[in-house]
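Please examine the sequence and the three-dimensional structure shown here before reading the report.

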Amino acid sequence: MRTWAVIMAMVTVFAAQPPVMAATLPVAYSGVLALTHATLHPDTAPAGANDWGCRPAGAHPRPVVLLHGTVENMTVNWFTLSPLLRNQGYCVFAVNFGQEDRPRLGLPGSSRPGGTAPVDRSAGELAVFVDRVLAATGAGEVDLVGHSQGGMMPRHYLRFLGGAGKVGALVGLAPPNHGTTVLGLSRLPGVPELLTAVAGQAVRDQLAGSPFLRRLNAGGDTVPGVRYTVVASRLDEVVTPYTSAFLSGPDVTNIVVQDHCPLDTSEHLALSYDANALHFVTNALDPAHATPVTCRPTLPVNGG
């Protein structure tokens, strides 16, 4: 009896203790480290992502779904932002979408490059993934953060696949919302066909004037009930002109990083690892608690 009493007393004491918080994850603002990590650890979720037992806390009731860019993947693209958001108390999820069973150009981090399939097909994959996240977490909505194609593709989901009622905010890092000329190269004969051959139909869908983009943008850029934020770089060499990233409509905020941080030299790839740009992202996810961005110099490709 005495032993049983001791056990019960121990249970009572431990039950009264506050839950132990998860250890703080390291956050590195470096595209070079991200590429190195992705090379060494392919086909893995970024740190802090895809804990299917995570339940959103009161401060952050919407899980965040991270969406990579064309020929990228979740491992390399969200090396920095995923642990950053997890440390701030978000439930974070990431997915590789738009993969094809054929040779494609791609960055390290996945056995198959992501974001090469037709963009509308990828939007269908997003719809399935969001439903899975909502079912697992019990949340009513998610927020979406995407880089490049990952910031534009969800707009198809919102407009045509019933996503508007399941999403609170869409934050895009250098999304090609109105298409890219790829520094004017897309206007040269044969170039669109070449880009499509090496990187998939998704590239063709993102070129300025494509049938996909004409349909997507017909009737306006936004849908009611969703907050939109675009974070762009004046030095973007992939989405050109960089202003094609901008959206028009209610509940839209367009940000050019260099307007706030003149020494920021991040271009298209580096925005995912840029402390200045990612501060704008976290402010967009929680505007009620937004804080001033303390600018720091950054480098092309690497961020910082």
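The report below treats the nonpolar cores, the aromatic pairs, the salt bridges and a surface patch.

This is a predicted model, in which local features need pLDDT of at least 70 and side-chain atom pairs count only at pLDDT 80 or more, while totals for chains, interfaces and linings use all residues. Residues are numbered from 1 along each chain as its sequence is written, and side-chain values use heavy atoms, with hydrogens and water left out.

**Nonpolar cores**

A nonpolar core is a set of buried Ala, Val, Leu, Ile, Met, Phe, Trp, Tyr and Cys residues joined through side-chain atoms within 4.5 Å. Buried means under 20% relative accessible area, exposed means over 50%, and partly exposed lies in between (1.4 Å probe, protein chains only). In soluble globular proteins, nonpolar side chains tend to be buried together. The largest nonpolar core here has 35 residues, of which V65, L67, L126, V142, L144, Y157 and L158 touch the most other members. Two or more residues come from each of β1 (64-67), β2, α5, β3 (142-147), α7 (154-160), β4 (167-173), α10 (211-217) and β5 (227-232). Helices (H or I, at least four residues) and strands (E, at least two) are DSSP runs, numbered from the N terminus. Helix α5 gives the most to this core, with eight residues. A second, separate core holds 26 residues, including V64, L173, L271 and L285.

Contact means heavy atoms within 4.5 Å. Leaving aside residues up to four places away in sequence, Y157 touches A123, L126, A127, V130, L144, G162, G163, K166 and V167.

**Aromatic pairs**

Rings of Phe, Tyr and Trp (its six-membered ring) pair if their centres lie within 6.5 Å; planes under 30 degrees apart count as stacked, over 60 as edge-to-face and the rest as tilted. The count comes to three aromatic pairs. The rings of W52 and F93 have centres 4.7 Å apart and planes at 50°, so this pair is tilted. W52 lies in the loop between α2 (31-40) and β1, and F93 in strand β2, 41 residues apart. W52 is partly exposed, with a relative accessible area of 25%, whereas F93 is buried at 0%. W52 also forms an edge-to-face pair with F129, at 5.8 Å centre to centre and 80° between the planes. F129 belongs to helix α5, 77 residues from W52, and is buried at 8%.

**Salt bridges**

A salt bridge is a side-chain nitrogen of Lys or Arg within 4 Å of a carboxyl oxygen of Asp or Glu. The structure holds seven salt bridges, and the table gives some of them.

| R104 | E100 | 3.0 Å |

R104 is buried at 18% relative accessible area, and E100 is buried at 11%. D101 is exposed at 72%, while R112 is partly exposed at 30%. K166, in the loop between α7 and β4, and D131, in helix α5, are 35 residues apart.

**Surface patch**

Which residues make a nonpolar surface patch of about 280 Å²? The patch is made by L105, L194 and V198. Patches are made of residues with over 30% relative accessible area and no salt bridge: like charges are joined within 9 Å, nonpolar side chains (Val, Leu, Ile, Met, Phe, Trp, Tyr) within 5 Å. L105 is found in the loop between β2 (92-95) and α5 (119-137) and counts as exposed at 55% relative accessibility.

Terms used
Areas by Shrake-Rupley, 256 points an atom, 1.4 Å probe, with all protein chains shown as cover.
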